Each structure stands twice: as C-alpha cells, then as structure tokens.
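Look at the sequence and the model below. This report walks through the ligand site, the strands and a few loop residues.

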Amino acid sequence: MDRRKFLKASVLEAAGLAVAPAMLAQEVRAGVIVPGEVYTDGKRANVSADVDKHLKVSGYVKEPSHRIPVVAEADVVVAGGGAAGVAAAVCAARQGASVILVEKANFLGGLWTGGLVLPVLATHGKGKVAAWDKATGGFCSEMCDTLLANGWATNPLNPLAEPEAAKYLLEKTLADAGVRILYNSTVAGVVMSGNRIDCVLVDCNTGRIALRCKVAVDATGDGLLFSFAGDPYEARRYHMSTSYRLAGVSSDASFCMRTPVPQMRYSTYGTREAVDGLDIFAVSQTQREHRLAVWEKIEQKKKEPGFEDIFLMELAPVTGVRVTRVLESLHNVTLEESMEWTEFDDVVGMSGMCDPFTYKGRRIEKKDRPIWQIPYRSLLPRETRNLLVAGRCFGYDQGITWDAREISTCMVTGQAAGTAAAMAAASGCAASEIDVSYLQGRLRAASVRLEF
Ligand SMILES: Cc1cc2nc3c(=O)[nH]c(=O)nc-3n(C[C@H](O)[C@H](O)[C@H](O)COP(=O)(O)OP(=O)(O)OC[C@H]3O[C@@H](n4cnc5c(N)ncnc54)[C@H](O)[C@@H]3O)c2cc1C
C-alpha cells in the first residue's frame, strides 16, 4: 500500500473507531499496520488491549482470519501446570471429570521446580488452638509428605524439595489421576459464547488448535485466561529474582542454602526494584542482567579459599516474576481479614504465613501471624461463568501478596478450584452457582483444612 492510501486508511480507521468499531474491524485489511488505538469491542478487553496498557504500542495489525481445528474436548481444561494447575487438574480428575492440562514448558511445577523456588512456604501459622498450627492439608500435604518420606526434600515444616523429584512426583500424580497433558503448548486466547468460555485456544507445534471445555481453570500465574475473557483484574508490579543451583560446595556458605543433594546448594539473586512483569522488554532485560551478574558473582567467589570447586549447575529456566495480574474476584481477601481470624461461610482452604511484616504500625513476628481462610468467591471472576482461578493470580489484596502466592497456598487454591470445576462441569451450572456446602464436604473428605 502506498503512503497516501495508508494515510487514508488511517483516517477512515480513526473515524470508524468513534462510530462503529464492529464495522471497522471488518474494513481493516489483514497485514496492514494501522496507527492508533488497538481495537476493542468496548466490553471485553482482548490481549492486544492488554498489551497496549503495558507497552508502547505504535498501531496494530489485523491477523488474517483462519479456521482453527477443534482437536479435543474435556469437562475441564486447566491452563498452566505450576503448583496450582497440577493441584487443580488432579483434584478435578479425582472427582470424575475428564481433564486436559495445557503447559507451555515441558515439565510441571512452574516456579516451584523451574524457578528453583525450592522451600514450600506458608504451610503453618499461629492457630487458635495450637501456637504453631498447620494450615494446609489435602493435595499440598500429600505432595510434601511424599517428598519427605522418600528423602526428596529436607525440612519437615517447609519442605525444601529437589526440583527433579518434585517434577517426577507431580507428573506421576497427574498420570495416575488420568489427566491428559499438552506440553510445549501455549494458551493463546479463548472463544467465548456469551459469558462462557467455549474453547481455549492453544499454540503448539502444528499451529493454533482449539480445546472445547465445559469449565476452565486459570492457573497460568499471569491470569491469562481471565484477561483473554475480559474479566477485571489489577496489574501489580513486584521485584524480580533469579534462583540458581550451585554444585561443588563443600564448606558451609552463608550466601547459599542446603538442598537434599550433598554439595548442592541454592541461592537467589535479585534487586528490590519493582518490575512490570507484563512488560516483556523489561522482564527480558532484567533476566539478562541477572544471568550475567550471577555468573560473574560465582567467578569471583571461586577465588575465595574453600570455594575453588564451585560451579553454576543451573540458572532457573523459569523467570522469577512474582506477581502480575491479580483477579478482581467476587471477594478479594484483605490483609485485615487474614489478620483478624475472619470466618467465611464459603471457606475452601486455609493459608499459613511466610515472613514477619508490619500491621497497623506493629511488627508481626512469624509466630504471631494467624493462619487465614480462603473464601470460594476469591477464585471466581466477576463475569465469566465457567472459569475458576487458582494460584498466584487469584483474588487477594496487595497487603497479603507475600503469603497468598506461596507454593502451599497455590496448591490449596488449586485443589478448591479443580474440585469446584468438576462439580460445575457435571451439573452444567455456573461456577458461582454450585452447592458450596457440598464442595466443602468434598474438600474435607480429601483432608483439606477448613476450620480454625
Ligand atoms: C524468586 C521467587 C522466590 C520465591 N520464593 C518462594 C519460596 O521460597 N517459597 C514459596 O512457597 N514460594 C515462593 N515464591 C512464590 C511461588 O514460587 C509462586 O508464587 C508459586 O510457585 C506460583 O505457583 P502457580 O502455580 O500459581 O504459578 P506458576 O508457578 O507461575 O505456574 C504457572 C504455570 O503456567 C504456565 N503458563 C503460563 N502461561 C501459560 C500459557 N500461556 N500457556 C500455557 N501455560 C502457561 C507456566 O509455564 C507455569 O508452569 C517465590 C517466587 C519467586 C518468583
């Protein structure tokens, strides 16, 4: 297209945006770069509009329309195979649902295993009865107990797992539950039917495919499904860190921690500067800086007596972004609720604590941080009827970010979301309309702790 035609198209485009966006969408030819705002239908933000908020967008290009093959159907499609996603998929399947799990990496565990974020935190806190009480049970305890019983993890309170062992255990548990897995497959969109997700779109080695589902679970960590579906969320910034494993560490070293493997230690490198985890340029630049800094730090360390034989075994293959999108759910748990022993009628799990912090001007030590309840509503988006959210992107306020996204809490929300998803798929009702007392009964039967 020459410059005059291009400009004309741009002017028409701008005029059309103001009057009839739906018409405009058809008029823009595939492959033409159109300057200006990314088109949205005014109700549901799409992925492009989302990117627009976080990156400098100089225009947009319309993708040629094409037919996407529907290759599989399942009662429940779980997006993301981290701690939350595996818990959701296994627990949905154990309730009798057919389940497909879609994971963009080629292993399970997400940040836990691939991010080398090894200790499972937030399992305990101050109880009403016991001074130091276990908040979790169910799937989380099953994973932790198995890791410990086999010598694949150290530290019974907050098991610090060997990552390959955790990957094996998650894989075996998923396989035993009969969950179908799609690795190297990236969730790239959704097809909606009114307020329901009809299909989850996935990019894989044959191009784009569609998976039909009755219910979907968003366990991508980044809230991709609820973002694609157009549900409201908050985008948060956090500092990024990169964990790594060191081999050949024979002496005790304060800069790194023990793992279950002799002479293997792990450590984390990062700065306190907050990064927008949705800005892929910023994330990539930070990842580059971390990789260079860790290598150079270890080269320096080798020059110290006692550390001559250390070497970098592995820098985490999963980038250490802590939080990005957090769902604006039907009820986001607040810091106050978590501190004041709030009891929810729709409780579906409990969380422990992680680190000391300041609350109402008072320093709260680890031993004084109460365990807290997670309500079912915090897993439910405001608009999409057949979607549940689990893991670090479920609905909680900024003040409890530190506890709410720990691995154990991710598994707890995953178990609740998966169990509820199976119920919603079986009954055909919205996720918000299931019988919550029945859900609670099923969770209790699976040893999930619900009471203080
Ligand atoms: C540096 C760092 C240190 C931490 N330290 C600790 C700690 O010591 N203890 C602790 O308990 N917690 C810690 N955390 C927090 C904890 O690790 C995470 O919050 C938790 O593991 C998140 O689990 P998740 O399943 O919600 O998300 P994730 O682990 O992020 O899993 C999401 C999964 O979805 C997949 N995915 C994403 N997008 C797509 C897509 N489009 N299509 C398909 N799949 C997709 C990802 O590949 C991943 O497997 C730390 C986090 C970081 C970053």
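Ala, Val, Leu, Ile, Met, Phe, Trp, Tyr, Cys and Pro count as nonpolar, Asp, Glu, Lys and Arg as charged, and the others, Gly among them, as polar. The model shown here is predicted.

**The ligand and its shell**

The ligand is surrounded by 32 residues. The closest are Glu103, Pro119, Val187, Arg405 and Glu406. Sorted by class, the shell holds 15 nonpolar, eleven polar and six charged residues.

| Residue | Protein part | Ligand atom | Distance |
|---|---|---|---|
| Arg392 | backbone N or O atom | oxygen | 3.0 Å |
| Glu406 | side-chain N or O atom | nitrogen | 2.5 Å |
| Ile407 | polar backbone atom | oxygen | 2.9 Å |

How much of the ligand does the protein bury? On its own, the ligand exposes 1000 Å². The protein buries 94% of that area.

Now turn to strand 3, residues 70-79. Is this strand largely enclosed or largely open? Seven of its ten residues are buried, so the rest of the structure largely encloses it. A residue counts as buried when its relative accessible area is under 20%.

Strands of a sheet pair through backbone hydrogen bonds, either parallel or antiparallel. Strand 3 runs parallel to strand 12 (residues 207-218), and eight bridges join the two. Within this pair, Val78 faces Val217 of strand 12. Strand 3 is also parallel to strand 4 (residues 99-102), with four bridges between them. Here Val77 has Ile100 of strand 4 as its bridge partner. How does the chain get from strand 3 to strand 4? It passes through helix 4 (residues 83-94), and this β-α-β crossover is right-handed.

Gly82 sits in the loop between strand 3 and helix 4. Its relative accessibility is 14%, so it counts as buried. Gly114 is 32 residues away from Gly82 along the chain, yet their C-alpha atoms are separated by 9.1 Å.

**Strand 4 and strand 9**

Strand 4 has side chains pointing two ways. Val99 and Leu101 point one way, while Ile100 and Val102 point the other way. All four are buried. Strand 4 also pairs with strand 9 (residues 180-182), in the parallel sense and over three bridges. In this pair, Leu101 stands opposite Ile181 of strand 9.

Elsewhere, four strands form an open sheet in the order 15-16-14-17, and their pairing is antiparallel. Strand 14 (residues 238-247) pairs with strand 16 in the antiparallel sense, over eight bridges. Tyr244 has Ser267 of strand 16 as its bridge partner.

**The loop between strand 15 and strand 16**

Two residues stand out for a closer look here. Val261 lies in the loop between strand 15 and strand 16. It is partly exposed, with a relative accessible area of 28%.

Gln263 belongs to the loop between strand 15 (257-258) and strand 16 (265-275). Its relative accessible area is 45%, so it counts as partly exposed.

**Positive phi angles**

Most residues other than glycine have a negative phi. Gln263 has a positive value, near 65 degrees, and it is not a glycine. Ser447 is not a glycine either, and its phi is positive at about 70 degrees. Where does Ser447 lie? Its place is in the segment after helix 12 (436-445).

Conventions. Residues numbered from 1 in each chain as written. Predicted model: local features only at pLDDT ≥ 70, side-chain atom pairs only at ≥ 80, totals over all residues. Heavy atoms only, no water. Buried < 20%, exposed > 50% of the residue type's maximum accessible area, 1.4 Å probe, protein only. Pairing = 2+ DSSP bridges. Right-handed = clockwise from strand over helix to strand, strands pointing away. Near = heavy atom within 4 Å. Polar contact = N/O pair within 3.5 Å; in protein donor to acceptor, adjacent residues only side chain to side chain. Areas by Shrake-Rupley, 256 points an atom, 1.4 Å probe, with all protein chains shown as cover.
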